Amino acid sequence: MAIRTGPRNTDISNPDREGGRCADESGEKMKALAWMGKKDVRLKQASPKIVDDHDAIVRVTGTTVCGSDVHAMHGVILQVEKGDILGHEFCGVVEAVGPAVKNVVPRERVVNSFVVSCGECRYCKQKLTTACEKTNASTLHEQLYASRMGGVFGYSHFMGGYAGGQAESVRVPLADNNLMKLPHSVPDEKGLYLSDVLPTSYHSVSYTGVKKDDCVAIWGLGPIGLMACFWAFLKGTKRVIAIDNNWRTEYARSKLERLETINYTTLGGGETVPQKIHEMVPGGVDVSVDATGGEYAKGFMHKLELEIGAEQDTSEMINECIMSTRKFGTVGIIGNYAGFTNHFNVGSLMERGIKLIRCGLAPVHKYWQELLEMVEHGTVDPTIMLTHRFRLDDIAKAYQLQEKRESGLVKCFVETRFSSRRTEGTPELTRL
Ligand SMILES: NC(=O)c1ccc[n+]([C@@H]2O[C@H](COP(=O)([O-])OP(=O)(O)OC[C@H]3O[C@@H](n4cnc5c(N)ncnc54)[C@H](O)[C@@H]3O)[C@@H](O)[C@H]2O)c1
Ligand SMILES: [Zn+2]
Ligand SMILES: [Zn+2]
């Protein structure tokens with residue numbers, strides 16, 4: 001049977017929409033986190049059901065909060081509607097499958113890819129799945145970006161309108177493409193991060209061509225930046241310098257021994273980050289990676305311009321990356337940017353021959369299998385970023401901590417009533 005794809009069954013990010021057409025009628029109550037307005041996320045009841053023959057229903061045993069979810073909570077992401085269920089990273093156990101699903105069966109442990117791939121368009125065939133041409137029906141996306149990217153779980157109608165996995169139960173469209181089985185040797189507390197953080201951070205150093213003996217600088221020490229530093233070291237780099245503005249610099253150094261960090265709030269005498277980097281690496285680094293995000297303006301001008309809508313993203317971190325990179329070096333952007341920016345230093349970029357690589361939304365499928373093997377063999381331990389374990393009941397509060405970067409939170413594991421017992425060596429449950 002041909003895989004039926006296309007936007008026909010997108011935009012059901014809330015099973016209650018359209019009079020509950022996509023909601024399970026059995027009466028079983030399932031919790032899910034919904035966006036209810038700017039800075040307002042709340043748990044509600046929502047039970048998804050199989051809508052397409054290629055769907056699976058997964059009982060979630062682990063989910064988390066991503067830096068990208070904070071952008072969604074802030075309303076920076078377009079076309080989020082009241083009641084939409086959030087969350088693009090989850091793992092769980094297959095509960096039911098549609099008649100056309102071949103690769104997974106009920107009771108199997110699985111992890112999702114944050115992107116919804118059709119598996120058959122020209123981009124999916126090359127495993128550039130975030131560029132999928134068939135899983136996102138947003139016409140606004142096409143108008144603003146010239147062409148649509150693929151759908152993303154729990155991330156607005158701009159990204160296809162799929163219900164997310166910060167829930168007890170989630171519908172996975174095109175399940176054969178968008179679920180990967182987890183072997184027994186990989187516990188949820190590690191396997192979960194194959195849905196986004198591991199492929200995204202890996203992509204940021206692979207796609208920018210980081211290689212042995214390079215000097216690399218990475219902006220932002222959230223989970224993406226921290227793991228990007230790890231991958232850069234694994235590639236045999238000479239030095240990795242990471243930049244942030246808080247305690248995460250010390251946390252990262254405690255996990256990666258050779259990492260050097262700059263907490264820019266402690267720079268004296270008006271020294272800028274690029275000046276500091278040139279002092280540390282004369283001439284500049286070979287590769288810079290921006291793992292922050294366009295909403296985090298630093299200076300007054302950009303704060304104002306963002307506030308009044310004169311730009312959608314600050315250019316400050318990208319400018320710092322450009323200025324910190326050696327002539328004919330490379331800058332990569334993996335942090336999320338949404339639209340237009342002002343005061344972009346196109347001069348330094350052009351004159352000095354800097355290669356600007358927009359990493360795009362990370363094509364998870366390109367790296368999935370390879371990364372699973374690395375997790376299995378212990379080449380990478382994703383728990384270096386795992387600092388907290390919360391209950392789904394507390395997930396709205398976890399968003400607040402994530403937003404404020406408080407309580408030593410780097411990355412959390414959120415358990416549900418279907419989760420297994422905590423794996424030894426991973427953080428104990430914190431009640432919020
Ligand atoms: N491209 C993709 O496919 C993809 C996938 C996942 C996440 N993302 C994006 O990657 C970014 C990082 O994600 P995360 O989960 O690690 O987020 P996070 O919010 O936990 O981390 C961002 C870090 O950047 C730091 N920061 C802010 N302004 C800074 C500045 N001026 N200089 C240096 N550091 C600064 C913050 O203090 C924070 O520690 C986010 O924008 C997220 O949306 C992209
Ligand atoms: Zn994420
Ligand atoms: Zn596709």
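Predicted model: local features only at pLDDT ≥ 70, side-chain atom pairs only at ≥ 80, totals over all residues.
**Domains and their contact**

The chain splits into two domains. Domain 1 takes residues 7–196 + 363–415, and domain 2 takes 199–358. Their centres, taken over C-alpha atoms, are separated by 27 Å. In the contact between them, 18 residues of domain 1 meet 18 residues of domain 2. On the side of domain 1 that touches domain 2, the elements giving two or more residues are α2 and α14 (364–376). Helix α14 gives the most there, with 4 residues.

**The nonpolar core**

The largest nonpolar core has 120 residues. Inside this core, A56, I218, A228 and C229 have the most contacts. Helix α8 (residues 223–234) supplies the largest share, 8 residues. Both domain 1 and domain 2 give residues to this core, so the core lies between them.

C229 shows what surrounds one of these residues. Leaving aside neighbours within four places in sequence, C229 is in contact with I218, V240, A242, A252, L256 and L259. I218 is itself among the residues with the most contacts in the core.

**The parallel sheet**

An open sheet is built from 6 strands, in the order β13-β12-β11-β14-β15-β16. The pairing is parallel. Strands β13 (260–263) and β16 (355–358) are the edges, and each pairs on one side only. From one strand to the next, the twist averages 15 degrees. In general, strands of a sheet pair through backbone hydrogen bonds.

| Strand pair | Sense | Bridges | A bridge pair |
|---|---|---|---|
| β11 (residues 215–219) and β12 (residues 239–244) | parallel | 5 bridges | V216 with V240 |
| β14 (residues 285–290) and β15 (residues 325–333) | parallel | 5 bridges | D290 with I333 |

Strand β11 is mostly covered: 5 of its 5 residues are buried. In a regular strand the side chains alternate between the two faces of the sheet. For β11, both faces are covered. C215, A217 and W219 are buried on one side. V216 and I218 are buried on the other. V216 is also the residue that bridges to V240 in β12, and V240 is in contact with C229.

**Helix α15**

Helix α15 spans residues 395–404. Its buried residues are I395, A398, Y399 and Q402. These residues cover an arc of only 110 degrees around the axis, which puts them on the same side of α15.

Is Q400 buried or partly exposed? Q400 has 16 C-beta neighbours inside 10 Å, so Q400 counts as partly exposed. A residue needs 20 or more such neighbours to be buried. The C-alpha atoms of Q400 and V70 are separated by 8.6 Å. Along the chain, Q400 and V70 are 330 residues apart.

R405 follows α15. The phi of R405 is positive, near 55 degrees.

Conventions:
Residues numbered from 1 in each chain as written. Chains lettered and ligands numbered in written order. Buried ≥ 20, exposed ≤ 12 C-beta atoms within 10 Å, placed from the backbone. Arc of directions from axis to C-beta. Core = buried A, V, L, I, M, F, W, Y, C linked by C-beta atoms within 7 Å. Domains from an automatic or database assignment. Contact = placed C-beta atoms within 7 Å. Pairing = 2+ DSSP bridges. Axes fitted to C-alpha atoms, helices over the stretch in contact; angles between N-to-C directions.
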